[in-house]
Amino acid sequence: MQDVVLSPTTAHLLGLAFASMYVGSIYVSKEARLVFSAPPTIANPTDKPRERLKGENERWRDDPDVIKARLAAVSIATVLCVAVVCWITRSVPAAVPLLGLRPSFPTSLSSLQRIVAPHLVTPLLFLGPLYAELLSFSPRNRWRGTFSTRTKLLFSNVTGLRNYVVAPITEEIVFRACVLSVYLLSPVLALNQVGLVLTTPLNFGLAHLHHAWDTYNRLGRTAAALKHSILVSLFQMMYTTLFGALCTYLFLQTHYSIYVPITAHIFCNIMGFPDFLGDLRLGEGEGRRSVVIAAYLCGVIGFAYSVMPMGRWWWAFSEI
């Protein structure tokens, strides 16, 4: 592995190639492609765009057949990306640790803490939503917590399998393990790990822009639908890029462990984007509004401290 050296240009091109392979895979098969045949909706320009009814011969993103075809496509693309890294490093044993696929097993209590602790960094940020989840997960609220509801979805249909299993695992292997592995093989780029955290997640963010076409068509292909789809996709690109930066940071700080970004990705997909105002209303109804605010503040402060140099002592393996 040490004999393989890539130029920065080659590393950048390979990173883009991996992202293109992953996203492009869902458009190769006819079964995985979306089909929209309904004419544009006639609506008042001031009306808020709403999802229209699905046409008889249309194929939408959440159709079970489309999901199954796309799960197969991205799984194959992921295997091919890993195979490319193995080919570049000239051996599987050299590629496995670079990709972060080598599992760690505890041999003592301290080693167990070293393995488990990195998986708690992301949940720490969600301390506020987790507390609100605890309030909602009660007989008074009919056990309707977000976490419990989405966990049930995981075992009930193929949508849960996509959102909480296959997508997080394959995306992290491709956009973190494979992309970062080729960057780490370029000495110029590998020495600037702060640069890796800030730049490589752009591949991940840009890979979500194609959802704009789906949103635009489902909302009726109006001017308002176009504006809404662009804004939603830009917002999605922004927060997925930020999340990608976090996962990249975790990958590097754990000395190349892909399992920590994977659990962070699964956890965030289950929790969803924090609903601070909704959690405040829930806390007020339970007489715990101030506790919800305190939990949010403790989570943000605790997370910020943990990712700073003075706070990484309890979970990180290496230094950036």
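Visitor: Where in the chain is His 208 found?
Guide: This is a predicted model, in which local features need pLDDT of at least 70 and side-chain atom pairs count only at pLDDT 80 or more, while totals for chains, interfaces and linings use all residues. Residues are numbered from 1 along each chain as its sequence is written, and side-chain values use heavy atoms, with hydrogens and water left out. Helices (H or I, at least four residues) and strands (E, at least two) are DSSP runs, numbered from the N terminus. On that basis, His 208 is found in the loop between helix H11 (201-206) and helix H12 (211-218).

Visitor: Is His 208 buried or exposed?
Guide: Buried means under 20% relative accessible area, exposed over 50%, and partly exposed in between (1.4 Å probe, protein chains only). His 208 has 10% relative accessibility, so it counts as buried.

Visitor: Which residues is His 208 in contact with, leaving aside its neighbours within four places in sequence?
Guide: Contact means heavy atoms within 4.5 Å. With those neighbours left aside, the partners of His 208 are Glu 171, Gln 236 and Thr 240.

Visitor: Which residues does UniProt list for the domain "CAAX prenyl protease 2/Lysostaphin resistance protein A-like"?
Guide: UniProt positions are given in the numbering used here, feature names are shortened, and annotations may be inferred rather than shown by experiment. The record is an unreviewed entry, and for this domain it lists residues 159-271.

Visitor: How many Å apart are the end C-alpha atoms of residues 159-271?
Guide: The span is 84% helix and 0% strand. Its end C-alpha atoms are separated by 15 Å.

Visitor: Which residues does UniProt list for "transmembrane region"?
Guide: The listing again comes from an unreviewed entry.

Visitor: What distance separates the end C-alpha atoms of residues 258-278?
Guide: For residues 71-92, the span is 91% helix and 0% strand, with end C-alpha atoms 25 Å apart. Residues 258-278 are 76% helix and 0% strand, and here the end-to-end C-alpha distance is 33 Å.

Visitor: What is the phi of His 255?
Guide: Most residues other than glycine have a negative phi. His 255 sits in the loop between helix H13 (223-253) and helix H14 (259-271), and its relative accessible area of 53% makes it exposed. Although His 255 is not a glycine, its phi is positive, at about 55°.

Visitor: What is the phi of Tyr 256?
Guide: Tyr 256 lies in the loop between H13 and H14 and, at 22% relative accessibility, counts as partly exposed. Tyr 256 is not a glycine either, yet its phi is positive, at about 70°.

Visitor: How far apart in space are Lys 227 and Ala 212?
Guide: Lys 227 has its place in helix H13 and is exposed, with a relative accessible area of 59%. Lys 227 and Ala 212 are 15 residues apart in sequence, and their C-alpha to C-alpha distance is 9.9 Å.

Visitor: Which residues does Pro 106 touch beyond four places in sequence?
Guide: Pro 106 lies in the loop between helix H3 (92-99) and helix H4 (109-116), and at 45% relative accessibility it counts as partly exposed. Its C-alpha is separated by 51 Å from that of Arg 50, 56 residues away along the chain. With residues up to four places away not counted, Pro 106 touches Ser 111, Leu 112 and Ile 115.

Visitor: What is the radius of gyration of the protein?
Guide: The protein has 16 helices and 0 strands. The globule rule gives 20 Å for 320 residues, and the protein comes close to this, so it is as compact as a globular protein of that length. The radius is taken over C-alpha atoms, and the rule is 2.2 Å times the number of residues to the power 0.38. The value for the protein is 21 Å.

Visitor: What percentage of the residues is buried?
Guide: Among contacts between residues at least 6 apart in sequence, 75% join residues at least 24 apart. Of the 320 residues in the protein, the buried part is 47%.
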